[in-house]
Amino acid sequence: MADVSQAPLQTADGRPLKAALAKAQARAKRRAFLLVLPLLAFVLLTFVLPILQMLQRSFYHDGFSANAPATVAWLEEHPQGSEIDETAYAALVSDLAAMQKAKTAGAAGTRINYTYPGTISIFKEAAREAAKLQPPYKAALVALDKKWEDPLLWVTFRHAASPWTTDFYMVSMDLRRSTDDGLQRAEPEMRIHLQLFVKTFGLSALITGLCLLLAFPIAHLLAILPMRKSNLLMILVLLPFWTSLLVRTSSWIALGQESGIVNDILVGIGIVADDNRIQMMYNKYGTILVMTHVLLPFMVLPLYSVMRVIPPSYARAARSLGATSWTTFRRIYLPQTLPGIAAGSLLVFILAVGYYITPALVGGADGTLISNLISFHMAKANWSQAAALAAMLLVLVLILYWLYDRLIGIDRLKLG
Amino acid sequence: MKKLLILTTALSTFAFAAQADVTVMSWGGAYGAAQTEGHLKPFTAETGIGTVMVDSDNPATPIKAMVEAGNVTVDVASVEYADAIRLCDEGVLETIDMAALPPGDDGTPAAEDFIAGAVTDCGVSTDVWATVFAYDTTKFPEGPKTAADFFDLAKFPGKRGLHKGAKAVLEFALMADGVAPADVYTVLGTPEGVDRAFAKLDTIKKDVVWWEAGSQAPQLLADGEVAMTSAYNGRIFNAAIAEGKPFQIVWDAQIYENEMYVVPKGAPNKDQAMQFIAYATSTKGLRQQAQHISYGPSRHSSLKEPLIFQDGKTEMGPHMPTAPANMANALGSDFQFWVDHDAELNDRFNAWLAAN
């Protein structure tokens, strides 16, 4: 007996059982891996790589550094605080002359313009004249435009001298560079990003709350009705879900605008005066209204899937033991629906934070969100700025996700 | 068999469309239609080179992205003047040889035939268009006459439509505030001037519906969502003349500029694209477009004979931004100003919009 237990087990053809098993398992694993490989490659190519590329863009802009090599070299030799002397201006003028030949003054000026607005023109002007300029170059450049001797311009150069920069995050946080290379808040009339982030998260939370309030009774009704009736109702929930987002948003405009159907009816039955119609489109109420409707199915479906499997006997047992209907709901039913609430809320909130088309169409001035500003920077081809804002949005959502995991637990999530 | 036939026919037309030689990207709506009718179709008919029209909210954006990504699918794009200058400076566009443009029908060399500034290093003007404001005549029988009236909510109650963007809106606000067109850009170049423009906009901010695509403006007016709106003059013309809408344009404080055909660098069919531009901006090509939308042709020779709208009776002349009667208090958009200040003023504009 003892001999047998000490000798390694062997297969019929004499190999050790352990090795044979490992080999067979490895083969199965390889096969399983090959099966998921296409999906993995797809996710990598279409999801992970673009996100990494976006993150890289938010830190990278070589518009100035690639086109002004002499100035960059001068800045590297002279540390922060050195006097901007004639050699610096000579380097700059030689760069400007080269830019004129290569047609890159616009690209370099654009990069500087992002962090020191109103400077793109002096680049183009100076590049046109660069070949004709005579030393002393400082005086010659300043004669073209006074901005060339502004110390802040040279601080900006220093930060643009490396293609790797955090300048775009600085702008995203409504900060500006000061003359002594410190940071200061942007002028009050230029601050926009922080308030827009706050608004985006605030409105998304509100929309999530409204969705939950509306979806809870619907999902409950769906869950307790007999299958035939609940299927019919389910179609009513799914029908808008299957309709194009653009169509739904446009329909809401037709319904809700000042001369729309809802206002016409309200005026018709005398609730609202004709010259005092309700403004529910082209402002933040439009955004809230339409986004709540559009995102409602994402709350109903997870709630429904959780509620359907809650045995009604628990509630009956609580009632038979003397609990009031409120207590039964609060202590028995609600806790069991928590995974559905959590999943629905997370889904709706994350979708809402990144929503773009609906606020763009019905949000007017005060109902637009951070995604609309990202799209604005995309439209202006300021991709680094758009990427920096998008990256901040991503990080904020990840922080929320982490908090959510700590507070509720991601393993309790139930999507259906 | 029949099914197979239909399928192959569909497939072959698709293949033809995909192989079309010149892809033109423009602004859609009435304007895109005018270019399709006036430039694309006759060009194909004359040369046999296929053409395809694609739409965009502003073609300057996608073509820059295409060039930077190294995947250019557009041969010709229709962009605003300031964008044509900016993109050219940034090296995104092919240069265009003025000498390759045909002389006018009356024999005038191209260099003299085009209006001043209409041909730049990288672009050729197709027309002069304007941002104007328009109102619904059924709402105001005694309509607004000046830009100041646009901001007068007491005299002309109702919502206002404005383009969501700093360009043309700030100039318009200053002119409504009494700045003469000649001084607008001097004033707007100072911080006080910018404050003044935003202060003027503040007076109607609560009552503004902001539009983004050119076709939205006449739509808002037609829906009764706004009592008056800024708009591209051709869009209002088409709604009023072709669709019979009761819209009236107010030409006071109009802001006009050239629209340019450009060729993105690396366009797949560059030679055909240049051929297309030469055709489209010839005396005839410009006239053909101007018969479909009320934007002024940019060649003197195109205006020698009166232009008649496609309905066969409306004379286009008085509806063009360049008609003398419409130029009384007009501002030529300063491209240099916008190349310089676009980023700064739009950032300020966005912050102003988002602030409650």
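Two residues are in contact if their C-beta atoms, placed from the backbone, lie within 7 Å. With that idea in hand, here is a tour of a predicted model, in which local features need pLDDT of at least 70 and side-chain atom pairs count only at pLDDT 80 or more, while totals for chains, interfaces and linings use all residues. Residues are numbered from 1 along each chain as its sequence is written, and chains are lettered from A and ligands numbered from 1 in the order in which they are written.

**Domains of chain A**

- Chain A is assigned domain 1 (2-48), domain 2 (69-190) and domain 3 (193-412), with bounds that come from an automatic or database domain assignment.
- Seven residues of domain 2 of chain A are in contact with eight residues of domain 3 of chain A.
- On the domain 2 side of that meeting place in chain A, helix H9 (residues 167-172) gives the most, with four residues; helices (H or I, at least four residues) and strands (E, at least two) are DSSP runs, numbered from the N terminus.
- Sorted by class, this side of domain 2 of chain A has five nonpolar, one polar and one charged residues. Here Ala, Val, Leu, Ile, Met, Phe, Trp, Tyr, Cys and Pro count as nonpolar, Asp, Glu, Lys and Arg as charged, and the others, Gly among them, as polar.
- The C-alpha centres of domain 2 and domain 3 of chain A are 47 Å apart.

**An annotated stretch of chain A**

- An unreviewed UniProt entry carries the annotation "domain: ABC transmembrane type-1" for residues 197-404 of chain A; such annotations may be inferred rather than shown by experiment.
- In the model, residues 197-404 of chain A are 79% helix and 0% strand, and their end C-alpha atoms lie 19 Å apart.

**Strand E7 of chain B**

- E7(B) pairs with strand E4 (residues 123-136) of chain B in the antiparallel sense over five bridges, where pairing takes at least two DSSP bridges. B:Phe133 has B:Ser230 as its bridge partner.
- Strand E5 (residues 160-163) of chain B runs parallel to E7(B), joined by two bridges, and B:Arg160 is partnered with B:Met228.

**B:Val262 and its surroundings**

- B:Val262 belongs to strand E8 (residues 247-262) of chain B.
- B:Val262 counts as buried because 29 C-beta neighbours lie inside 10 Å.
- Although 169 residues separate B:Val262 and B:Leu93 along the chain, their C-alpha atoms are 6.9 Å apart.

Key
A residue is buried if 20 or more other C-beta atoms lie within 10 Å of its own, exposed if 12 or fewer, and partly exposed in between; C-beta atoms are placed from the backbone.
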